[in-house]
Amino acid sequence: MLSIKNLHASIEGTPILRGINLEVKAGEVHAIMGPNGSGKSTLASVLAGREEYEVTEGEVFFKGKDLLELAPEDRAREGVFLAFQYPVEIPGVSSTNFLRTAVNQVREYRGLEALDAVKFLTMMKEKMKLVEIDQKLLSRSLNEGFSGGEKKRNEIFQMAMLEPTLSILDETDSGLDIDALRIVSNGVNQLKSKDNATIVVTHYQRLLDYIVPDFVHVLYKGRIVKSGTKDLALELEEKGYDWIKEAIDSEATV
Amino acid sequence: MSKDNQILEEFTSKEYEHGWSVNYEADEAPIGLNEDIIKWISTKKEEPLWLLEWRLKAFKTWKTMTEPSWANVKYPKVDLQSLRYYSAPKQSNKPKSLDEVDPELLQIYERLGINLNEQKKLQGIAVDAVLDSVSVGTTFKATLSKLGIVFCSFSEAVKEHPDLVKKYLGSVVPMTDNYYAALNSAVFSDGSFCYIPKGVRCPMELSTYFRINAANTGQFERTLIVAEDEAYVSYLEGCTAPQRDENQLHAAVVEIYAAKNAEVKYSTVQNWFPGDKNGKGGIYNFVTKRGICAGDYSKISWTQVETGSAVTWKYPSCILKGDNSIGEFYSVAVTNNYQQADTGTKMIHIGKNTKSRIVSKGISAGKSQNSYRGQVQVMKRADNARNFSQCDSLLMGDRCGAHTFPYIDINNSSAKVEHEATTSKIGEDQLFYCNQRGISTEDAVALIVNGYAKEVLNQLPMEFAVEAQKLLALTLEGSVG
């Protein structure tokens with residue numbers, strides 16, 4: 001589904017990603033871990049098409065299409081969803097109105113009819129249960145005055161509504177208490193299917209107790225330096241990142 | 001160059017939609033401005049002597065006045081002697097009803113989406129259509145007159161209801177009020193007149209649609225709305241003009257009189273030609289709008305959506321004379337390219353327990369300048385006056401300007417006046433967030449801008465609100481790549 005080959009990206013001339021290789025197949029959950037500043041969020045942003053990052057080398061194919069050639073909105077319409085680390089506030093625009101615009105533009109791109117108000121609300125009601133989100137929250141201005149937990153829950157709710165094939169969760173666990181973490185993870189797990197894939201970007205192992213990955217990759221200095229199963233995450237939790245850093249850094253000096 | 005800037009480079013792709021004009025055979029005054037022209041207009045309109053004298057007096061005063069220069073706008077001086085002060089479509093017989101109006105003229109309005117055919121029209125809105133210097137027709141006159149409501153062109157009111165016109169004309173905006181109001185008093189050609197008798201709630205929206213068609217012609221219309229005790233009316237005003245290379249002058253006067261317990265809601269969607277993307281052409285919109293809450297418990301509410309004009313200079317105001325009267329001003333002003341707007345309001349608290357509320361939302365893009373100028377004045381005997389002002393500015397790009405000039409003048413210590421102001425930018429973050437959900441950048445801008453202006457748009461009558469939302473989106477179309 002997603003094939004990343006030798007991806008290099010920089011911001012304002014500073015290289016952040018230095019040759020990422022990653023294959024993600026339908027039905028899989030991949031966790032990207034790594035110390036602060038290793039390039040985890042950059043990878044998420046580059047895949048979603050954030051323009052301040054410049055891709056300097058490499059290629060990304062998504063369902064056979066050159067992802068890097070697509071505008072951010074077209075990537076979304078193709079089925080790439082990014083759950084933001086810091087969801088943005090849009091005053092005066094209700095979540096409902098925002099989502100209806102989004103859902104219908106995505107549907108239009110996919111050659112489907114726009115949903116009328118009734119169908120849309122029915123769909124909303126159904127998906128709301130997934131993340132135990134309150135309808136009152138959805139009639140308020142998007143993310144404005146939402147608590148950290150509400151914002152993240154709203155992200156997963158949007159994910160449920162847009163039915164992406166590839167979901168990238170960027171530090172979705174940050175700022176969540178244990179209950180919110182459980183609710184959010186629960187939502188993500190319910191949305192999992194054999195046809196879609198999830199990339200979980202996280203600093204801590206904690207989230208992976210709830211969203212169990214098939215593969216864990218450690219990102220350091222812009223490269224995937226170690227890959228493994230969920231046991232790798234547990235090892236990291238126990239030993240920290242230093243042993244990996246040391247191994248890589250000593251290699252580099254040789 | 002950041003994305004924001006690139007976005008704005010592409011800001012100007014949308015052409016002005018109502019930029020067309022038609023050729024009609026016109027009845028025109030000679031070019032220039034002098035006493036003879038004023039007499040010519042007055043004669044043309046078969047006006048009574050008192051009105052001609054009123055005009056001439058205004059003209060005399062105007063000659064002693066100078067153009068105001070305090071507004072935060074820059075434009076070359078208008079050569080008032082090179083303008084034409086009257087231009088009207090030639091009609092062989094004066095039409096007595098809409099059925100007799102030249103179909104070609106009706107077509108102009110149809111093309112603008114204003115159907116003057118009562119059968120085909122949406123129920124609930126009566127329209128007075130003003131083309132250049134004259135009113136070409138007013139709908140639903142008969143329906144309204146059964147309730148004692150007078151809704152007609154100003155010229156007709158002068159003939160049919162001279163006492164009312166004489167009583168209220170210039171009572172809210174005196175002929176000597178300011179340079180442009182004085183000029184308007186001298187040369188005004190038509191406009192709408194509306195009178196709601198005591199105790200009547202006007203059952204439909206009344207509206208005037210102003211269209212400038214002729215070149216080198218100024219439009220100087222006057223609107224007078226009188227609501228007697230316990231009366232209610234909601235009034236709408238819309239405007240467009242052809243795309244021309246020369247700047248055109250529009251200097252209108254609107255007066256509102258609200259008696260005891262009366263309520264007048266006045267809404268404007270102003271979409272005069274704003275000039276092209278290089279700042280060529282466009283309307284100079286120098287307008288004086290003022291209402292007086294003369295009676296106790298009366299209320300006047302102004303709502304404006306300003307998207308057009310090259311230069312706007314406009315401060316719809318309320319004089320809160322009656323005790324417990326209320327004044328409101330809700331405004332969205334959008335400027336793009338080289339547009340300049342200096343707009344706001346004045347709330348003059350005279351009566352006791354008077355309240356005013358100001359919500360101003362400026363949106364600046366391109367190389368435009370957008371200023372809010374507002375005055376809150378509390379007079380000595382206005383005990384317990386309350387004012388709340390909120391002035392927000394939204395910037396798109398880094399070459400436009402947003403300015404706020406609040407003036408507060410309090411002469412009574414029991415007054416409570418609050419002022420809030422914010423400035424924000426449509427951020428890359430917001431746009432990217434929308435994009436990431438599959439929303440195109442253009443729709444994202446429309447969504448964000450309409451969200452920002454929501455509090456004001458909510459004040460507009462339903463049909464107008466939809467129209468205004470589209471207009472906002474259209475004005476900003478192409479603003480982002």
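Is B:Ile350 buried, partly exposed or exposed, and what is its relative accessible area? B:Ile350 is partly exposed, at a relative accessible area of 23% (buried is under 20%, exposed over 50%, partly exposed in between; 1.4 Å probe, protein chains only). The model is predicted: local features need pLDDT of at least 70 and side-chain atom pairs pLDDT 80 or more, while totals for chains, interfaces and linings use all residues. Residues are numbered from 1 along each chain as its sequence is written, chains are lettered from A and ligands numbered from 1 in the order in which they are written, and side-chain values use heavy atoms, with hydrogens and water left out.

**View 1. Surroundings of B:Ile350.** The residue is in the loop between β18 (340-349) and β19 (355-364) of chain B (strands are DSSP runs of E, at least two residues, and helices runs of H or I, at least four, numbered from the N terminus). Leaving aside residues up to four places away in sequence, B:Ile350 touches B:Ile319, B:Leu320, B:Lys321, B:Met379, B:Arg381 and B:Ala382 (contact: heavy atoms within 4.5 Å). Its C-alpha atom is 7.6 Å from that of B:Lys380, 30 residues apart along the chain.

**View 2. The aromatic pair B:Trp54 and B:Phe188.** The ring centres are 6.4 Å apart and the planes at 80°, so the pair is edge-to-face (rings of Phe, Tyr and Trp, the latter by its six-membered ring, pair with centres within 6.5 Å; planes under 30 degrees apart are stacked, over 60 edge-to-face, the rest tilted). B:Trp54 belongs to helix α3 (residues 49-63) of chain B, and B:Phe188 to the loop between α8 (179-187) and β6 (192-196), 134 residues apart. Both residues are buried. B:Arg222 lies over the face of B:Phe188, 5.6 Å from the ring centre (CZ of Arg or NZ of Lys within 6 Å of the centre and within 35 degrees of the ring normal).

**View 3. The aromatic pair B:Phe59 and B:Trp62.** This pair is stacked, at 5.8 Å centre to centre with 20° between the planes. Both residues lie in helix α3 of chain B, three residues apart, about one turn of the helix. B:Phe59 is buried at 3% relative accessibility, and B:Trp62 is buried at 10%. Ring pairs link these two into a cluster whose members include B:Trp70, B:Tyr75 and B:Trp313.

**View 4. The charged end of B:Lys361 over the ring of B:Tyr452.** The distance to the ring centre is 5.0 Å.
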